[in-house]
Amino acid sequence: MILQLISAVFLGLLFHGIHRKVIARIQGRPGPPVWQEILHTLKFSFKQTWIPKTASMPLYVFIVAVSIAIWAGGFFVVFSGGSLLLLFAVFMLHKITEHGLGLSSGSPYGKFGAIRSVMSAASEIPLFATIAGMYVVTGSLMISDITRYQAIHGPLLISAFPMAAALYLVILSKMHYGPFSIIEAKEIVSGNLTEHFGVWRAGLQVAYALKTFVLLWVFVLLFIGALPWWLMLIAMLLLLVSLSFICAFTPMLSPFDAVAFETVVTGILVGYILVLGVSG
Amino acid sequence: MKKNTFLAVVFISAAVLCIAAYAASTGACPGWLPVVAVMLAFPTSVLSLFLWWNASNTKGDIPFTGY
């Protein structure tokens, strides 16, 4: 249980490193070594750490702990084959922590990131549509039931492709350097992460590594099915590389365009679910 | 907080993690209880560990949380 959680943190950090490497290679740069994000986390954990004068101290510190806690919870939801609704709740809490991170420091850049985090809440709507569609197709919201359904009926990636595309978009919206990463855009320094440095940033690195691992894992479970652990890791890696390709080729959208795009995708998906529900 | 206090928190939270993992593996308590324990103890142990090795041996309260 604990070993799996710690392994997930290291694998998530490794995935972040691979993500950066793939983007760099596509853009003709050598890029950092794939273990760079593990080194980053260690580096941040050794950096001098304090709390800015303008920060709200309890929120500034505890939001980091909450970020790790919710993704640890998300990990166990997937690990135990739990309900997709719980995972949706983790996503909602993640949105609140993103917002809280930006507001807690008192930095204007952090506040811009926090505001963009609220604006980009549209990125969670495709997830809601995916969950609804899952229930229409499989008759259950439990991840364990959905993997059993796929063992009998085949991967949902083929039979429910629009839902897979919607969840893919949700994961893309959570990737670093992606077209929807408007909350940590460079024009607002590092957005909501700007003032979290040292130990606090190392803690956030741990939380986001868990987040990436959980999202890639749940996508493979929901749309390909339960696999042996080594095959699961390969599938997650392939999914990550495909996301890295999109991040490398696509410029960051403006906040308005990002929200509009995700809303349109959700609209299309709602139409698909209605057709699916009516036709049975 | 002092460096030794962070170390104590690391040990306590690590002990909670071990107990939760043992309870989950033996089914000694309801399944949600070890998960809640891990959700509380894991961030505490990670941040305390980082703060412990970040803190200096020679100075007082590190990280500086004053003003």
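This tour goes through the salt bridges of a predicted model and then one of its pockets.

**Stop 1**

The structure holds four salt bridges over all chains. Side chains of opposite charge can pair when their charged atoms come close. Start by selecting A:Lys95 and A:Glu98. Their side chains form a salt bridge, with 3.2 Å from N to O. Now colour helix H4 of chain A, which covers residues 84-104. A:Lys95 and A:Glu98 are three residues apart in this helix, so about one helical turn separates them. Are these two residues buried or exposed? Both A:Lys95 and A:Glu98 are buried. For A:Glu98 the relative accessibility is 6%, and the cut-off for buried is under 20%.

**Stop 2: a partner from elsewhere in the chain**

Where does A:Lys174 lie? It is in the loop between helix H9 (161-173) and helix H10 (199-223) of chain A, whereas A:Glu98 is in helix H4, so the pair ties together parts that are 76 residues apart in sequence. A:Lys174 is buried as well, with a relative accessible area of 8%.

**Stop 3: another pair within a helix**

Next select A:Arg148 and A:Asp145. They form a salt bridge in which the closest N and O atoms are 2.6 Å apart. Both residues belong to helix H7 of chain A (residues 143-153), where they sit three residues apart, about one turn of the helix. A:Asp145 has a relative accessibility of 27% and counts as partly exposed.

**Stop 4**

Rolling a probe the size of a water molecule over the atoms shows where empty space is left. The second largest pocket holds about 400 Å³ of space. To find it, select A:His176, A:Tyr177, A:Glu184, A:Leu193 and A:Arg201, which are the closest to its centre of the 19 residues that line it.

Then colour helix H1 (2-26), helix H2 (36-46) and helix H10 of chain A. Each of them supplies at least two residues of the lining. Which helix gives the most to this lining? H10 of chain A does, with four residues.

Finish by colouring the lining by residue class. Seven of its residues are nonpolar, seven are polar and five are charged.

Conventions. Residues are numbered from 1 along each chain as its sequence is written. Chains are lettered from A and ligands numbered from 1 in the order in which they are written. This is a predicted model: local features need pLDDT of at least 70, side-chain atom pairs count only at pLDDT 80 or more; totals for chains, interfaces and linings use all residues. Side-chain values use heavy atoms; hydrogens and water are left out. Buried means under 20% relative accessible area, exposed over 50%, partly exposed in between (1.4 Å probe, protein chains only). On a 1 Å grid over the protein atoms alone, a cavity is a set of points where a 1.4 Å probe fits but cannot get out, and a pocket is an open set with protein on both sides within 12 Å along at least five of seven lines; lining residues have an atom within 4 Å of a point. Grid points are joined across faces, edges and corners, and a volume is the space filled by probe spheres set on the points. Ala, Val, Leu, Ile, Met, Phe, Trp, Tyr, Cys and Pro count as nonpolar, Asp, Glu, Lys and Arg as charged, and the others, Gly among them, as polar.
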